[in-house]
Amino acid sequence: MQNTDPISDMFTRMRNAIKATHETVEIPASKIKLKIADLLKKEGYINSYEIVEISPVKKNLKISLKYGPRGEKVITGIKRISKPGLRVYTRSKDAPRVYDGLGISILSTKKGLLTDRESRKQKIGGEVLCQVW
């Protein structure tokens with residue numbers, strides 16, 4: 001079965017795993033999902049990620065979710081903004097701020113995936129993929 005929006009599927013799997021307080025979640029791997037996981041790790045929203053090879057052709061992305069010292073969720077919300085049916089683009093100065101800087105927006109730019117802060121600093125606009133808080 002083909003998924004029409006693999007990024008949205010990734011966020012749904014993460015959201016469900018966080019709600020059920022799982023330690024890890026496995027997602028079918030792709031280059032863009034790896035870059036999103038890398039940004040989430042750099043920003044401190046997940047512990048780590050790794051590639052798990054199922055077969056010579058199939059690979060999964062195993063994400064280790066992060067929780068606070070008393071079990072509180074680090075990712076309280078994750079939302080897909082630009083969808084296949086409705087693409088959302090922005091200029092660098094108009095990049096959306098999530099909860100006044102407490103969260104991040106991930107943008108797909110010509111320089112790769114960037115957070116809203118990095119896109120403002122580099123003055124590069126692009127497609128708003130998602131918001132995480």
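User: Why are the side chains of Arg 91 and Asp 94 said to meet in a salt bridge?

Analyst: A salt bridge is called when a side-chain nitrogen of Lys or Arg is within 4 Å of a carboxyl oxygen of Asp or Glu. The N to O distance between Arg 91 and Asp 94 is 2.9 Å, which is within the 4 Å limit, and therefore the pair qualifies. Side chains of opposite charge can pair when their charged atoms come close. By this rule the count comes to seven salt bridges. The model is a predicted one, in which local features need pLDDT of at least 70 and side-chain atom pairs count only at pLDDT 80 or more, whereas totals for chains, interfaces and linings use all residues. Residues are numbered from 1 along each chain as its sequence is written, and side-chain values use heavy atoms, with hydrogens and water left out.

User: What makes Arg 91 exposed or buried, and where does Asp 94 fall on that scale?

Analyst: The scale is relative accessible area, with buried meaning under 20%, exposed over 50% and partly exposed in between (1.4 Å probe, protein chains only). Arg 91 has 52% relative accessibility and therefore counts as exposed, whereas Asp 94, at 41%, counts as partly exposed.

User: How do you know that Lys 42 and Asp 38 are separated by about one helical turn?

Analyst: The two residues are four apart in helix H2, which is why their separation is put at about one helical turn. Helices are DSSP runs of H or I with at least four residues, strands are runs of E with at least two, and both are numbered from the N terminus. The side chains of Lys 42 and Asp 38 also meet in a salt bridge, at 3.5 Å from N to O. Lys 42 counts as exposed because its relative accessibility is 63%, while Asp 38, at 26%, counts as partly exposed.

User: What makes Asp 116 and Arg 120 buried or exposed, and what joins their side chains?

Analyst: Asp 116 has a relative accessibility of 2% and so counts as buried; Arg 120, at 18%, counts as buried too. Their side chains meet in a salt bridge of 3.3 Å, N to O. Because Asp 116 and Arg 120 are four residues apart in helix H3 (residues 116-122), about one helical turn separates them.

User: Why is Gly 44 called partly exposed, and which residues does Gly 44 touch?

Analyst: The relative accessibility of Gly 44 is 23%, and that is why the residue counts as partly exposed. Gly 44 is found in the loop between helix H2 (31-42) and strand S2 (46-53), and, leaving aside residues up to four places away in sequence, touches Lys 66 and Val 74. From Gly 44 to Asp 116 there are 72 residues in sequence and 15 Å in space, C-alpha to C-alpha.

User: What makes the backbone of Tyr 99 and of Lys 123 worth a look?

Analyst: Tyr 99 has a positive phi of about 45° although it is not a glycine, and Lys 123 likewise is not a glycine but has a positive phi, of about 55°. Tyr 99 sits in the loop between strand S5 (89-90) and strand S6 (104-109), and counts as exposed because its relative accessibility is 54%. Lys 123 lies in the loop between H3 and strand S8 (126-132), and at 68% it counts as exposed.

User: How do you know whether the radius of gyration of the protein agrees or disagrees with that of a compact globule?

Analyst: The radius is taken over C-alpha atoms, and the globule rule is 2.2 Å times the number of residues to the power 0.38. For 133 residues a compact globule would have a radius of gyration near 14 Å, and the protein has 15 Å, which agrees. Along its principal axes the C-alpha trace spans about 40 × 40 × 25 Å, and 39% of the residues count as buried.

Methods: Contact means heavy atoms within 4.5 Å.
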